[in-house]
Amino acid sequence: MDKTTNHTTKNEELVDRLLDDLKLSPISTERVKKLTFQKIHLRQRRARMVRTVAIALAAACVLAFVFVIPRIRDKTGEIASNVIEKDVQMDTLRVSVGEQRTVILADGTRLTANSRSEVIYPRSFDGKNRVIQAKGEVFCEVTHDACHPFIVKSGDFVVRVLGTKFNICNYGCKAKVVLVQGCVELSTKNERLRMKPSDLVDLTDGNITSKKKVNTADFTSWMNGIINLNGDNIYELTGRLTDYYGVHITCECGSGCRLYGKLVFQKDVTTMLNAISGIAGVKVYRRGNEYVLHH
């Protein structure tokens, strides 16, 4: 019995040792908290890194856009300039038949527009140049500004000035530019010409055909409502009246008829032609849609 008892005791001791080895160590609450916080902190660091990379990529894209756009504008400067001009608020001055209109631009420049003329101009001059467009007859008294040239676009030619007084007459294929004061540069598709006071330049279809000295008062008297006649050919006068009144006038008087004196602009073309009839000793009659002058 003693041997059996001893064997049993040894087995029990062995089982107890095995159970002791299998026992788990007690769980530490503090250690669990520490490991949990470390894991949360690691996840937060990863999230911040992802956001930082995303912001960096976005910034890189913006910088790339900023640096690419100026290069595109440099290569297509004219197009970019046109786009910018479209954003500027423009006003249009249109003059009715037999009327005159005066407008003061934002820079103080004074424009006087004759019958059937049109001027397009910005409400403010914000760019490097002061640019307007004109057709018909316009007298310009330009405020001097050496840093911002004043540019008038009229049909196929351009007048560039700093500060001066000049007259543009451009109702169609034939045009005239008369410089009263200062200095201007006249540019066409084919040439450039610098004008001096009292210069008259004639253009046909945008090309310069002649240049000569004139009495500028003869080309600006329209602002006072009169035409100075100093041996003017009646053909030239009827051509001017065609532009002024917007009607077709045919002269069948011969080329030798020249006029002298002063002719006051009338409200309607019939009254005006009757006045010419008295001065030139010609008759006027209506033929369809045109007026005819003849001996």
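**View 1. The open sheet of three strands has the order β15-β18-β17, with mixed pairing (two strands pair if DSSP finds at least two bridges between them).** β15 and β17 are the edge strands, each with a single partner strand, so one side of each has no neighbour in the sheet. Neighbouring strands are turned on average by 25° against each other, direction ignored. The model is predicted: local features need pLDDT of at least 70 and side-chain atom pairs pLDDT 80 or more, while totals for chains, interfaces and linings use all residues. Residues are numbered from 1 along each chain as its sequence is written, and side-chain values use heavy atoms, without hydrogens and water.

**View 2. β17 and β18 run antiparallel and are joined by five bridges.** Tyr285 has Val292 of β18 as its bridge partner. α5 packs on the sheet, touching β15 and β18 (contact: heavy atoms within 4.5 Å). The direction of α5 makes about 170° with that of β15 (axes are lines fitted to C-alpha atoms, for helices over the stretch in contact; angles run from 0 to 180 degrees between N-to-C directions).

**View 3. α6 lies across β15, β17 and β18, at about 5° to β18.**

**View 4. Just after α6, Gly281 has a positive phi of about 70°.**

Methods. Helix = DSSP H or I, 4+ residues; strand = E, 2+ residues; numbered from the N terminus.
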